[in-house]
There are 2 protein chains.
Amino acid sequence: MSDTGVTVKKNVDFSEWYVEVVLKAELADYAPVKGCMIIRPDAYAVWEKIQEVVNKKIKVTGHRNAYFPMFIPEAFLKREAEHFEGFTPEVAWITQGGDTSLEEKLAVRPTSETIMYSMYAKWIRSWRDLPLKINQWCNIVRWETKATKLFLRTREFLWQEGHTAHQTAEECETEVMWAINMYKDVIENMLAIPVLIGTKSESEKFAGALYTTAVESIMPDGKALQMGTSHNLGQHFAKVFDVKYIGEDKMDHYVWQSSWGITTRLIGAMIMVHGDDKGLIMPPKVAPTQIVIVPIPFKGQDAEAIAAKTCEIADILKTNGLSVILDDRQEYTPGWKFNQWELKGVPIRIEVGPRDLKNGQVVMVRRDTGQKIFVKEADISDTVEKLFQDIQDNMFAKAKTMLQEKITAVMSYDEFKQVVEGKGGFIKTSWCGSPDCEAKIKAETGATIRVIPFEKEEPKICCVYCGKSGKDVVYFARSY
Amino acid sequence: MSDTGVTVKKNVDFSEWYVEVVLKAELADYAPVKGCMIIRPDAYAVWEKIQEVVNKKIKVTGHRNAYFPMFIPEAFLKREAEHFEGFTPEVAWITQGGDTSLEEKLAVRPTSETIMYSMYAKWIRSWRDLPLKINQWCNIVRWETKATKLFLRTREFLWQEGHTAHQTAEECETEVMWAINMYKDVIENMLAIPVLIGTKSESEKFAGALYTTAVESIMPDGKALQMGTSHNLGQHFAKVFDVKYIGEDKMDHYVWQSSWGITTRLIGAMIMVHGDDKGLIMPPKVAPTQIVIVPIPFKGQDAEAIAAKTCEIADILKTNGLSVILDDRQEYTPGWKFNQWELKGVPIRIEVGPRDLKNGQVVMVRRDTGQKIFVKEADISDTVEKLFQDIQDNMFAKAKTMLQEKITAVMSYDEFKQVVEGKGGFIKTSWCGSPDCEAKIKAETGATIRVIPFEKEEPKICCVYCGKSGKDVVYFARSY
């Protein structure tokens, strides 16, 4: 197993464990271009399941998918000053097409606000054209200079970006909140990862936004990970790209805009949160393979009967719409197969041996708990359905316990620093609202405000840094 | 109507008609970057339907989706000499990341053979890893210097590229043929466009392939359009990227490889082939809106009853899984709406007026023929289902008639030149197999060999150019 199995323990060297799991479970690989990665089929299948669910949710609410060019003229990025400043340091530039140098270099999209809104300005004429709610699934490039990390930070990644335009500030606000709550739902219910939800501080907001909302979760090493964002762009971009409409009042108005996105980094979070020393643990709702069936070989007549039985079970489960692999390879032992499918995180393993055959039963083994259950043949479909729900629930509950354990309420800056250096995680404390305190805390500890929760609490202490009156209860953390 | 409707007749100025239809039906728009386009929601929805069907067909046959980086080191492209020569003139290059010049410039993928096979070399170890069948949906960049055309030739487009590796030449050949036949099926059955299917000549094959198969169709202006290709790469790339496996015989072998793709240009073909002077005609199987319901307003009590009835019908059809728009906007007249939905090519329009309400019926109008049918309320679902099949079949039959009319068998080079300059279309004739004759014909007429059909025919004449013995019956045409 040293060649194929995970050799590093999750709680000994988390970072190395993560890389081993990703590579050995064949979710991703390093690309020949520095900072880039390949998303291999088992991980891409997770992305496809996320796409399927998100597409359903966005289409039923009247959003439509489209595709905008990847190339953005430099001048476009420059129009919104904050936006340009925020993104320019990490833009990859096209300067040459064939043998010819380009007159104006082109940015590879780090995000698509500018290119999209230049078109919105053309397409939107009157209030009848609003709301305009467009989404696109595409690749994004940010030329990271920090160390890259598979799924979490790579120079190219995949995402979805929704971009909407509305008549009123209220409608826009509703959209912003709809999107961030939709993300919370998808991440918690599909990926079984609980999140904190709230607003970003001014210094952490999207470059060019009025304000940014976010869902954040905590990884087992105590670092926070931003899981999705939804920005209220106000009229900032509308004013620089001249996105106006003629209202029912026959007057010109600027539109109100939102943008929101989630990326393939969600796959990284799923690996980190749920995996164990044996490898991946895939939530049943996104598992590329939901069930693996392993015949336990035995000489003589039984071998054929077991083969036939496992085949029959596989067919029934496939007919139920499940993704099933019957691993009847002759060249590997059952033990080798168990290890391999545990590494790949398949939620349920079904074993059928001679004794099971005789007793009209199968053995089911849960990947999340390792629990073995004997199941009568007639009950297989029902039991699988019930187990999937149990596993999904149990994985979420376990992750929720971890999240709660990793939230520490601190009453003083000394305690703050102790927690940052020690157990890490989210630090729940009071903040006066001053960017100055926030900047100093960041400089001194590396921790930033991850969210100012939507659900307001009365601050228990004064600002943890300056001692002035506490404005908000916020969550700080070091982050990916 | 001059502002919103199509002002150019299809048979008067085909090229201008095409641009007007694409822009006015809001399928696409020109991007602010030269040669690039925006795929708007109604066109992207067609692409999504193609994706859905192709994904089903490739997954059920054991292919899996993945994602490879868009950036390819220059050195990779250079490894296969023919490939490099074929693609380099139209590569867009990244030379700068943030403020830093890159040490080695990076190609934006013009196709992904090189990046993918560098990984295949690492992933494939033994015969157990084969066949490896991976597909990706992504954007592609080719820095065209010729005039670009919406959907048909743009500097960035979307496609799907399948890349497989096999143990034997036979298995690879089977894959190549499976893919090209799958494309024929999708294009004929979903887009209702009949195709010719066959092999490309040496000079027209994919750069680096052993041979290329293709499906080709004809546009109403007599120019051919390549609709999809499937390449047998033989062991060319395997040898330069060292993609080897240890066989059951314990020996090293190079793999045999195929690659195949279709692009968003299919949407352009669909527009060209089916559209008319009123605008688009969408095949029901890919139409983003399959049915539009227009209440015919009338004062008094009827208005409310008609509103309720149209709403009821819309709900029933939606429940049947159809994509339906109930156009109950007050600010437009029925006539205006008819024009708009005809422009957008919606296959069936349902009208409900006071008399229909009294008679318990609706009026259905086919977009393809303009035919009006009175349908009893109870028969709506069945009639719609039947009409969809009729429309799909009729569109295909009409396109097939056009294809047949645009195939001219020629017996001499004089006749050849006459047809090229005159009616255009496919010229069916004999060719000796010499690249020299082919090159001269191209230079003199602009026509190239589009396919050497799989179904062989006995040549009726000697080579149309040199008069030596005819080897193959082939189809020439000028093309997009």
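**Cores and crossing helices**

Leaving aside residues up to four places away in sequence, Y120(B) touches F68(B), L132(B), I134(B), H163(B), A165(B), V243(B) and Q257(B), where contact means heavy atoms within 4.5 Å. Keep in mind that this is a predicted model, where local features need pLDDT of at least 70 and side-chain atom pairs count only at pLDDT 80 or more, while totals for chains, interfaces and linings use all residues. Residues are numbered from 1 along each chain as its sequence is written, chains are lettered from A in the order in which they are written, and side-chain values use heavy atoms, without hydrogens and water.

Now zoom out. The largest nonpolar core has 230 residues, and Y120(A), F151(A), Y120(B) and F151(B) touch the most other members. A nonpolar core is a set of buried Ala, Val, Leu, Ile, Met, Phe, Trp, Tyr and Cys residues joined through side-chain atoms within 4.5 Å, and buried means under 20% relative accessible area (1.4 Å probe, protein chains only). Apart from that core lies another, of 23 residues, including I291(B) and L317(B).

Helix α9 (residues 301-319) of chain B packs against helix α12 (residues 380-405) of chain B at about 55°, with the axes 10 Å apart; helices are DSSP runs (H or I, at least four residues) numbered from the N terminus. On the α9(B) side, I313(B), I316(B) and L317(B) make the contact, and on the α12(B) side, I380(B), S381(B) and V384(B).

Notes
Buried < 20%, exposed > 50% of the residue type's maximum accessible area, 1.4 Å probe, protein only. Axes fitted to C-alpha atoms, helices over the stretch in contact; angles between N-to-C directions. Helix = DSSP H or I, 4+ residues; strand = E, 2+ residues; numbered from the N terminus.
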